[in-house]
Amino acid sequence: MDNTREQGLWKRGVLWLLLLGPLFFASYGFANWLTGQRDDVGSLVFAWEPQIPLWPWTIVPYWSIDLLYGLSFLLPACRREMDRHALRLLAAQVICVACFLLWPLRFTFERPPLDGAFGLMFDVLMGFDKPFNQAPSLHITLLVIIWAMFANHTRGLFWRGLLHGWMALIGISVLTTWQHHFIDLPTGALAGFFCLWLLPLQGATPLTQMRLTSDPRRWRLALRYGLGATLCAVLAVKLGGAWLWLFWPTVALAMVALNYLLFDAAGFQKQANGRLSPAATALLAPYLLGAWINSRLWTYRQPMPSQVVEGIHLGRLPATGELGSYAAMVDLCAELPLLRTPSAYCSLPSLDLVTPDALTCQRAAEAIERLRHEGPLLVCCALGYSRSATAVAAWLLHSGRCQSVDAAVALIRQARPQVVLGPQHLAALQGMLVASPALEVAHAG
């Protein structure tokens, strides 16, 4: 655990528990009671689920999440982390209870009578937990959030192994105690990861960065991804069964559409180490797989970067095995992660198929100038054809190696003929010159 904790945080944690505890029991109990009054509550059970065994002893890990819920408030090292963790738990409660009320489901298996200590624990649980609050499983949603908090503050191979093993056992226990059907688990996990994405422990939340775009191109791209999400949702509902997994790409494509419409590149939550946040990775996984395959298909005939000038290379986002030739990297790709980066690395996430603005061009030029002294430098995006090419052009102007936008673009096209730099890219580069009077004067001279 972190040894630089703020003093007196335990009091703040107690206050949050005093707020969240009663809210949990009141809202959860109300959803159970209200659904119990209805006569239209259905169920969603796969044919193989009766084969799931009942293991009475797993009521112990099932119950243990209540203890871990309280202990998790002892872990945050600062007020910000404490408040974000508490708000994640609050968001989980609101999202899951809303789903219980809007789309109620019923658990259908009849559990046989159980004796001993395990049977007593089941009896206590049944005194409060009726078989209605099913999808998404609040148990799983809270588990994702609590698991993330403990993982952030657990060190050492043994303790981390013990943590992950026990948390996984809690996840399995919702099935082996016959408390939930399978559909409740993936939906609960999605809800949990959405709470992590919505309220990151570091940096601004997506809601505070939300700005409705006025760019027609971004509106068109958002519409396309929105239509893809709608198609996946319709197929999932109409076909059912294993096709219900299409709700995962539904969520992924809907989030990408919102990134283009509202959240910009920050919605992908690409971090300083080149990776997307665990929450964004989980939520966007179907889209990320498709985007990676697409990048490889487009660059199949030219996988290697192109040298524009000595020491500056332009190319696609590299695989881990392709990094050996580069001491530094400037990465313009928002939607794809890097599993490993050079020690000199700068991430400037930009949306795919959207022209970087003048400020991004300026920052990219400055990053290239700063990092090129480390050794061979790769400037990359998904394909190495547009965003990264704009960044290299910006550096050519910034460094004085080219005296005009047309000259910079011509030099890049000579090195990498496949680049796609249209009028909007040229306008952004020209806008960078206008925004930097010193550069404009130097080029005019």
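**Figure 1. Crossing of helices H2 and H5.** In this predicted model, the axes of helix H2 (residues 59-71) and helix H5 (residues 138-152) come within 10 Å and cross at roughly 50 degrees. Axes are lines fitted to C-alpha atoms, for helices over the stretch in contact, with angles running from 0 to 180 degrees between N-to-C directions. H2 and H5 are therefore oblique to each other; angles under 35 degrees count as roughly parallel, over 145 as roughly antiparallel, 65 to 115 as roughly perpendicular and the rest as oblique. The crossing of H2 past H5 is left-handed, that is, the near helix is turned anticlockwise from the far one by less than a right angle. Helices (H or I, at least four residues) and strands (E, at least two) are DSSP runs, numbered from the N terminus.

**Figure 2. Residues between H2 and H5.** Tyr62, Ile65, Leu68, Tyr69 and Leu71 of H2 are in contact with His139, Leu142, Leu143, Ile146 and Phe150 of H5, contact meaning heavy atoms within 4.5 Å. By class, nine nonpolar residues, one polar residue and no charged residues take part. Here Ala, Val, Leu, Ile, Met, Phe, Trp, Tyr, Cys and Pro count as nonpolar, Asp, Glu, Lys and Arg as charged, and the others, Gly among them, as polar.

**Figure 3. Salt bridge between arginine 12 and aspartate 83.** The two side chains meet at 2.9 Å, N to O; a salt bridge is a side-chain nitrogen of Lys or Arg within 4 Å of a carboxyl oxygen of Asp or Glu. Because arginine 12 lies in helix H1 (residues 9-36) and aspartate 83 in helix H3 (residues 79-102), the pair ties together parts that are 71 residues apart in sequence. Arginine 12 is partly exposed, at a relative accessible area of 29%; buried means under 20%, exposed over 50% and partly exposed in between (1.4 Å probe, protein chains only).

**Figure 4. Salt bridge between arginine 316 and glutamate 322.** The closest N and O atoms of this pair are 3.4 Å apart. Arginine 316 is buried, with 9% relative accessibility, whereas glutamate 322 is partly exposed at 27%. Elsewhere, salt bridges with shared partners join Glu335, Asp352 and Arg387 into one network. The whole structure holds eight salt bridges.

**Notes to all figures.** Residues are numbered from 1 along each chain as its sequence is written. Local features need pLDDT of at least 70 and side-chain atom pairs count only at pLDDT 80 or more, while totals for chains, interfaces and linings use all residues; side-chain values use heavy atoms, with hydrogens and water left out.
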